[in-house]
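Please find below a colleague's note for a reader who is new to this entry. The points are meant to be read beside the sequence and the model.

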Amino acid sequence: MSISIKKTLIIGLGLIGGSLAKALKMNRQCGQIIGFDRNSDEVKIGLETGVIDVAAENLVEAASQADLIVLAVPVKAMEKVLVDIAPFIAENTLITDVGSTKGNVVEVARRVFSTMPSGFVPGHPIAGSEKSGVVAADETLFVNHNVILTPLAESSSKAVILLTKMWESTGAEVLVMAVDKHDEVLAATSHLPHMLAFSLVDTLAQEQDNNTDIFRYAAGGFRDFTRIAGSDPTMWHDICLANKHALLAQLDRYTAGLAKLRAAIECGDSESMLGTFTRAKAAREHFSKILSGTAYSQHMSNLHVTFRAQPGGSVNGKIRVPGDKSISHRSIMLGSLADGVTEVSGFLEGEDSLATLQAFRDMGVVIEGPDDGNVTIYGVGVNGLQAPPGPLYVGNSGTSMRLLSGLLAAQAFDTELSGDESLTKRPMGRVADPLRLMGAEIETAENGRPPLKIKGGKALKGIHYDMPMASAQVKSCLLLAGLYAEGETSVTEPAPTRDHTERMLTGFGYPVEQVGATAKVKSGGHLQATRIDVPADISSATFFLVAAAICPDSDLTIAHVGINPTRIGIINILRLMGANLELLNEREVGGEPVADIRVRYAPLKGIHVPEDQVPLAIDEFPAIFIAAVCAEGTTTVTGAEELRVKESDRIQAMVDGLKTLGADIEGTPDGAVIQGSRLSGGVVESHDDHRIAMAFTVASLRSSGEITINDCANVATSFPGFVELAKSVGLKVEKEEG
Ligand SMILES: O=C(O)C1=C[C@@H](OP(=O)(O)O)[C@@H](O)[C@H](O)C1
Ligand SMILES: C=C(OP(=O)(O)O)C(=O)O
């Protein structure tokens, strides 16, 4: 750091001032550390304990010589200190403070300085504790803590940069924010909770008869919640006055929320109580996940996840894979729009479907669970959604974004849909364009990419749309918009695609007319709540179907798999390749056909995959490519250009990875030509795509060396527990996180 700071003066050696002094003294980034405190004992201790280099004998003289002045005195004392030193501060001196409120500090500074110095940048390290005084000084206090700088119009960018570096040298992360915004944010996140803690403890302590009992038995929750009631009373008195307006606004919001909860308890309004509790529980997880750029399930983290799969093995046993992702998404959407309470079982607790669930919670729907695949949705009716508090973040999930866009285009309120890095690269023009034809107003980023900004209050009109590509997401998006559009909305598809939306609408009692390749809905109907049993996802089952199909001595049964005719491309393709695959115990569950699938090893042969099977197996191609390299002869895939716009360019990702493993494969614009090949080991990239990661894991059954697969965290989007299940049937795969 080239801060040419030779002398740093810290005024006020409390916990924050002392800790900053100690951190800067130890890292030697800001020259000599000079300490001043009104209380000479604090200075003495500071010197003795090595917190500062020297004590300032004379405040004015020290201030006139300092290159950096840090005001670490209580907010109330700030004005006096500034009045004393202001006339003597040199022109280029950097000045900052550490106060918990910023508006009042700036007000004081404006009163004191006739011209605001360009070196003045107010700041707030968010790193307090209940401890106080220089004895508590801790040079690690700021490590991984946020420091907010609130530059003023007069602050020079150089000052902002230098102070950022100064704080970063202590291990802090620096954020820049406007003064008002800072005070609003802190009122909500810090000042309000302190008021609640003080008030709760004070209220309970005043209970005459049994307060000793309350405190004697108070454990867990009470202790956690009231820890901050041990903070410095004078300091908090000053903060309340300094940030009065923002704090009062937050107290009013909170009081209204509490009154609502009280009323719900009083009249036994379970839906309202559950609404508050489930939303709060989800929000607590949700916020931290949004901040770390990930979506919603506990399985997901922003850690790097690597799979290491050892070669060989065979797969045997009977398993059930998680619930169908497409049906899980739709169960939340239609259950939310229904009248009455919908019970869902077998719900997929993966990132993608949880993102949809969260979006509906954000729009005011009370949803209990998921709890072991069980979800209870308190439907709000077709017109009952409410404006969400902010953008709806749907992580990695194309289905959430595309289906929701149709629904949101017809709502009375504005919305914004955003997603992760992969989703942000995927085309949304395919839904935005036809929705615009219906009268929707949607803004996308460049080239029709997310985020989508959807204007509310638009009256949609039914259209007929001939889809240019075979996409169930586009079809479903338009049918959902059609629930609200004047007249009839009809969609014709160029080839059959999954029809879960049509089936489920029918299951909720909403008429859908199917004429050949065209699905039609009229607006004005109602959905009646129902029960939904989500079958196991055939797309997840695919990895195990292929595993057993390519691996000698395998005999595997996968239970309760959805075999909707629009999803069984994988069964048809594997059978054409010669796989020994049996459907057992075929039955229908809640409008969807289901079977147990048994696969025993049989040698596979290469085929030209019939193009009419492509949309019926669209998510299965990464695994089909693995089956193809393990087959004898040539497999050709054509008409599958849609694979290039999934979570990754799945043609390129598979071609690159398989070449790394020594396979003979060439990509084409709409598919690939794959020769039966021997696979070596190697390191392959999943490109953050769940299906690529799982496909290469399966390839290890036929490789001669270890396959390392990078960036596998997104497996949790569709298949939480994949590694554990794979190991249970005989794959030799380990997950490494780091
Ligand atoms: O409607 C759905 O649930 C899905 C449709 C398919 O996408 P496209 O509609 O883009 O083909 C599929 O790839 C996706 O995993 C889920
Ligand atoms: C393409 C997929 O999902 P989505 O489009 O919902 O992201 C998938 O799961 O393979």
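The numbered points below treat the surroundings of a ligand and two positions from a database record.

1. This is a predicted model, in which local features need pLDDT of at least 70, side-chain atom pairs count only at pLDDT 80 or more, and totals for chains, interfaces and linings use all residues. Residues are numbered from 1 along each chain as its sequence is written, while chains are lettered from A and ligands numbered from 1 in the order in which they are written.

2. Around ligand 2 stand Asp352, Asn396, Ser397, Gly398, Thr399, Asp619, Lys646, Glu647, Arg691 and Ser718 (near: C-beta atom, placed from the backbone, within 6 Å). This shell holds five polar and five charged residues and no nonpolar ones; Asp, Glu, Lys and Arg count as charged, Ala, Val, Leu, Ile, Met, Phe, Trp, Tyr, Cys and Pro as nonpolar, and the others, Gly among them, as polar.

3. Domain 3 (305-319 + 536-737) and domain 4 (325-533) each supply at least three residues to the shell around ligand 2. The domain bounds come from an automatic or database assignment.

4. An unreviewed UniProt entry lists Lys325, Ser326, Arg330, Ser471, Gln473, Asp619 and Lys646 under "binding site"; such annotations may be inferred rather than shown by experiment.

5. Lys325 belongs to helix 13 (residues 325-337), helices being DSSP runs of H or I with at least four residues. Lys325 counts as buried because it has 24 C-beta neighbours inside 10 Å, the threshold being 20 or more. Its contacts (C-beta atoms, placed from the backbone, within 7 Å), leaving aside residues up to four places away in sequence, include Asp352 and Ser718.

6. Ser471 sits in the loop between strand 18 (464-466) and helix 18 (472-482), a strand being a DSSP run of E with at least two residues. Ser471 is also buried, with 23 C-beta neighbours inside 10 Å. Beyond four places in sequence, Ser471 touches Arg430 and Thr497.

Conventions: A residue is buried if 20 or more other C-beta atoms lie within 10 Å of its own, exposed if 12 or fewer, and partly exposed in between; C-beta atoms are placed from the backbone. Two residues are in contact if their C-beta atoms, placed from the backbone, lie within 7 Å.
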